[in-house]
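Morning, everyone. Let's go through one structure together, starting with its charged side chains and ending with a pocket. Here it is.

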Amino acid sequence: MNQLLNKFKYQRPIFKDINTNRGGYAIGIAVVIVVVAWFIALISSNSISPVPKSISNAVNYPVYYPDQSRLPEGYQLDKRSIELVGPKVVILAIKYADNKMIVFNEQDNPGASVINQYAANYIPIHTSFWTPIGNAILGAYNDGHSIKSVVSLPVNNGPWIIVTAPSNINQTNLKEAIDSLTKS
């Protein structure tokens, strides 16, 4: 029995093992594990923006886009829709159910007086709701062809986002899509 205990006694790692090959390998493996875990945590916490750098650099505000993991089921950012359509105006779209779209128009925040005038003239009947990035108003308007749902969202310290969608969109899903916005 003493021989068996002595055999296990000498196989336990002790501090003097650090200076041996076995100790060096153990430290090397531990360092690799820590670096890999740190890299995985870094990658998973920082999502890569689908907004091309050329577009983000062309505007003086952070471009907001939907975080796919927070969108309702069946809703998908159409990455091909992300465009700079005018001086400092970015659009992008979310597709859902039979190629229906929610369109996001982002531009410099023109100030409260312009935003309030827009709301009074284009969406006089509306409801307000809170989002993680600001207070939004939701209403409807006639674009000359059909009735659309419209949301005006001035982002705190950011752009003014105007969202349009079909009038028959599920309002809860529309709000979830807006709540999923994250900045590039």
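Is Lys 95 buried, partly exposed or exposed? Lys 95 is partly exposed, at 26% relative accessibility. The cut-offs: buried is under 20% relative accessible area, exposed is over 50%, and partly exposed is in between, with a 1.4 Å probe and protein chains only.

A word on the source. This is a predicted model, where local features need pLDDT of at least 70, side-chain atom pairs count only at pLDDT 80 or more, and totals for chains, interfaces and linings use all residues. Residues are numbered from 1 along each chain as its sequence is written, and side-chain values use heavy atoms, leaving out hydrogens and water.

Now the salt bridges. The whole structure has 2. Each is a side-chain nitrogen of Lys or Arg within 4 Å of a carboxyl oxygen of Asp or Glu. Asp 78 pairs with Lys 95, at 3.7 Å from N to O. Asp 78 sits in strand 2 (residues 76-86) and Lys 95 in strand 3 (residues 89-96), so this bridge ties together parts 17 residues apart in sequence. Strands here are DSSP runs of E, at least two residues, numbered from the N terminus.

Asp 78 also bridges to Arg 80, with the closest N and O atoms 3.6 Å apart. Asp 78 is buried, at 13%. Arg 80 is exposed, at 70%. Together, Asp 78, Arg 80 and Lys 95 form a salt-bridge network.

Last, the lining of the largest pocket. What does it consist of, by residue type? It has 5 nonpolar, 4 polar and 2 charged residues. Nonpolar covers Ala, Val, Leu, Ile, Met, Phe, Trp, Tyr, Cys and Pro; charged covers Asp, Glu, Lys and Arg; the others, Gly among them, are polar. A pocket is an open set of points on a 1 Å grid over the protein atoms alone, where a 1.4 Å probe fits, with protein on both sides within 12 Å along at least five of seven lines; lining residues have an atom within 4 Å of a point.

Conventions:
Helices (H or I, at least four residues) and strands (E, at least two) are DSSP runs, numbered from the N terminus.
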